[in-house]
Amino acid sequence: MERQPLTVTGSEALMLALKAEGVKTIFGYPGGSIMPVYDALYDYTRGEKKAFDHILVRHEQAATHAAEGFARVSGNVGVAIVTSGPGATNTLTGVADAMLDSTPIVVIAGQVPISALGTDAFQEVDLVGLAQPISKWSYQIRHAEDIAWAVSRAFYIARSGRPGPVVLDFPKNAQTEKVDFVPQKEDFVRSYVAYPPLDHDAVRQAAELINNAKKPLALVGQGVELGNAQDELLAFLEKADIPAGRTMLGLSALPSTHPLNVGMLGMHGNYAVNLKEQECDVLIAIGMRFSDRVTGNTKTYARQAKIIHLDIDKSEIDKNVKTDVAVVADCKESLPAITALLNKGDHHEWRSSFLPLDAKEREKVIEPAIHPKEGPLLMGEVVNAVAEATQGDAVLVTDVGQNQLFATRYFKYPKRRSICTSGGLGTMGYGMPAAIGATFGVLVNSEEKIVNSEGRTVVCFMGDGGFQMNIQELGTIMEQQAPVKMILMNNNYLGNVRQWQDMFWNRRKSFTRMMNPCYELIAQGYNIPYQAVTDRSRLAAAVAKMLSTKGPYILECAILEDDDVLPMTPPGMNVDDMMLEPTP
């Protein structure tokens, strides 16, 4: 029997279209040009029609970061709804962040009626034009009859292929017009090839190179998690006996404790894997983009190696590093295809060569960072204390700066989808709202059964700079009682910039010292439990109290002001020019 159309307003049509996409959580902030939608939301967040939980953030940028955190942890598309003008432009940082980190979100912004477009009407802005360069797709829904199609298309584009953000501009007339609503399912866009067909010749070439390799090395990126190919990755690595480094965004794609895991790649990654990139004979990049923070000087990067690049996005091939064999496909398909052609590998001698370098880093960097014997608290020991107390069951969210670099280095990742951080854009202020989104994301089991993470703790490491950039979201945490465990690592500096000034700018600390407020009073104002730690003898007990307290918590740790993140490859240098000790 053919479904009869339902005559509704455009705003209610949006509710029905979101419901058809399986949306259950929305992050947003109302305003004049989106008011009809919020009027419709009134009915769809309560009573018999209830379909959504709406989380009222305190700033539109936070809505997008919360949607990102939700998406990264749950595997579903995150949704943000905002008004026009400044409400819409406030989302652009989050849109750009999601684009660079391949995070699937849909941002729906109000707009003035189409009759007023181009008149400089109150809070009018060309959102489609602004968003186009930093999104997968941006589109203006000019009439209510286009809502079902546009929303379905938006979600398809956001979640398919290499995921990313989509922006829908929603003029007020389309929100109030009547329409006969019938759900649509868009799964085809002309000229958009979400899942390129697998090239079996490339697969054979890749397998041949790997079978003949004496010193193979895999570089694992977030694409493995985005493609839900963690099992396929393990089968590939274990059959060929290949050591694997992980990018920052790909840290939880391979368990930290796996014997083939050789650490984090990049400027502040692990010593052995960065040096071995310059020694391997075959380098297999899987779902990663050869960021400058991974490669260092590309003119000298892995020149001795044959390079195999597995990626779903053809534009990444040869963009930064010249590839010998490119396998452009979903890694969930390409990895098992290559694995089927591999010989059973044994690279024990090659893998053993990493161990002396690991030992050197542990002696010179890791042990002094996580087990200092005297002096003020260090970021590494705080991260290590939280990692040990949560026993690998937590989701790590970070802000940006030294807190991010220490946290990603010293946290543990035994489970999938366990890290949420701003990689490509490096957005300060990301941490707190992303952690809010993550607390809702861990309660979601996606349709693909990606995670079953109900009850997982969300810990968020922030510096004093990033904490204050979106500090108003403490209001959202207060209202929702979002159980974010916030670890504020306070060194009274913009620490990462200070470190660079010390190392590369003759210690000229230009405007990096922070005059900070009393965070205890701020926590009291938001009625959030708070504790300060200045003595390492009390750190373990303070972490235990934070984790055992129901709901949100702020743990402020007084950190050594000139604590540096090491090892470090100086900017523009070769990837193996890693400093294990600070400059004199």
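**A helix and its surroundings**

Reply: In this predicted model, Gly 75 comes directly after helix α3 and has a positive phi, near 85°. Helix α3 itself covers residues 60–74, and its 15 residues should span 21 Å at 1.5 Å a residue. The C-alpha atoms at its ends are 21 Å apart, which agrees with that expectation. Of the 15 residues of α3, 15 are buried, so the helix is largely enclosed by the rest of the structure.

Helix α17 (residues 379–390) packs against helix α24 (residues 539–548) at an angle of about 50°, and their axes lie 10 Å apart. The two helices are therefore oblique to each other, and their crossing is right-handed. On the α17 side, the contact involves Glu 381, Val 382, Ala 385, Val 386, Ala 389 and Thr 390; these meet Leu 539, Val 543, Met 546 and Leu 547 of α24. An α-helix has 3.6 residues a turn, so residues three or four places apart point the same way.

The chain also contains an open sheet of six strands, ordered β16-β15-β17-β18-β20-β19, with parallel pairing. Strands β16 (419–420) and β19 (530–533) stand at its edges; each has a single partner strand, so one side of each is left without a neighbour in the sheet. Within the sheet, β15 (residues 395–398) runs parallel to β17 (residues 458–463) and is joined to it by four bridges. Val 395 has Val 458 in β17 as its bridge partner.

Key
Residues numbered from 1 in each chain as written. Predicted model: local features only at pLDDT ≥ 70, side-chain atom pairs only at ≥ 80, totals over all residues. Heavy atoms only, no water. Pairing = 2+ DSSP bridges. Expected span 1.5 Å × (residues − 1). Buried < 20%, exposed > 50% of the residue type's maximum accessible area, 1.4 Å probe, protein only. Axes fitted to C-alpha atoms, helices over the stretch in contact; angles between N-to-C directions. Parallel < 35°, antiparallel > 145°, perpendicular 65-115°, else oblique. Left-handed = near helix turned anticlockwise from the far one by under 90°. Contact = heavy atoms within 4.5 Å.
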